[in-house]
Amino acid sequence: MATQPTQQQQQQQQSNNAKPGLRKPVFTKVDQLRPGTNGHTLIVKVLDSITVLQKGRSQSQHLRHTRIAECLIGDDTGTIVFTARNDQVDLVKPGATVILRNAKIDMFKGTMRLAVDKWGRVEVTEPSDFVVKEDNNLSLIEYELVNVADE
């Protein structure tokens with residue numbers, strides 16, 4: 001005689017079949033970003049994009065094709081400079097809304113820059129309706145590393 005599994009047993013079995021380690025993303029706002037932090041997930045609009053480096057096969061056969069663009073991105077709390085590399089340059093066009101997953105803060109000449117390395121992801125999403133707060137640019141704030149002596 002076979003018994004039917006209870007609802008609790010069915011739920012437990014479904015949770016055991018789920019992929020481990022996946023969790024809901026916690027979206028961060030731009031004004032919450034701090035130096036030296038990583039693992040950020042943001043939804044931002046691209047305001048401006050400037051290509052700052054473009055090296056490729058035209059100069060040498062041994063070089064990989066390298067492109068770097070600095071993009072001003074932001075949300076309803078502020079803006080920051082995002083450093084896009086290689087294929088990311090094509091995704092971050094002015095006016096686009098993108099999701100940055102596992103982004104990190106890099107320091108460049110004492111200022112914060114947002115970047116997504118090989119462990120992260122840049123995804124273009126549907127346009128959002130928030131208005132970017134352009135008067136709060138976190139990349140204009142200069143930070144200084146201070147060593148605190150232990151007493």
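Does Asp117 count as buried, exposed or partly exposed, and at what relative accessibility? At 29% relative accessibility, Asp117 counts as partly exposed; here buried means under 20% relative accessible area, exposed over 50%, and partly exposed in between (1.4 Å probe, protein chains only).

A word on the basis of this report. This is a predicted model, in which local features need pLDDT of at least 70 and side-chain atom pairs count only at pLDDT 80 or more, while totals for chains, interfaces and linings use all residues. Residues are numbered from 1 along each chain as its sequence is written, and side-chain values use heavy atoms, with hydrogens and water left out.

Let us start with strand β3 (residues 78-85), where seven of the eight residues are buried. Helices (H or I, at least four residues) and strands (E, at least two) are DSSP runs, numbered from the N terminus. Two strands pair if DSSP finds at least two bridges between them. Strand β2 (residues 66-75) pairs with β3 in the antiparallel sense over eight bridges, and a hairpin of two residues joins β2 to β3. With strand β5 (residues 111-115), β3 pairs in the parallel sense over three bridges.

**Salt bridges**

The structure holds seven salt bridges, each a side-chain nitrogen of Lys or Arg within 4 Å of a carboxyl oxygen of Asp or Glu.

| Pair | Distance, N to O |
|---|---|
| Asp90 and Arg67 | 3.0 Å |
| Glu70 and Arg113 | 2.6 Å |
| Lys104 and Asp117 | 3.9 Å |

Asp90 and Arg67 form a salt bridge. Asp90 lies in helix α2 (residues 88-91) and Arg67 in strand β2, so this pair ties together parts that are 23 residues apart in sequence. Asp90 is partly exposed at 42% relative accessibility, whereas Arg67 is buried at 15%.

Glu70 also has a salt bridge, with Arg113. Because Glu70 lies in strand β2 and Arg113 in strand β5, the pair ties together parts that are 43 residues apart in sequence. Glu70 is partly exposed at 28% relative accessibility, and Arg113 is buried at 13%.

That brings us back to Asp117, whose side chain meets that of Lys104. Lys104 sits in strand β4 (residues 97-108) and Asp117 in the loop between β5 and β6 (121-125), 13 residues apart. Lys104 counts as partly exposed, at 26% relative accessibility.

Finally, Arg101, Arg121 and Glu123 are linked in a network of salt bridges.
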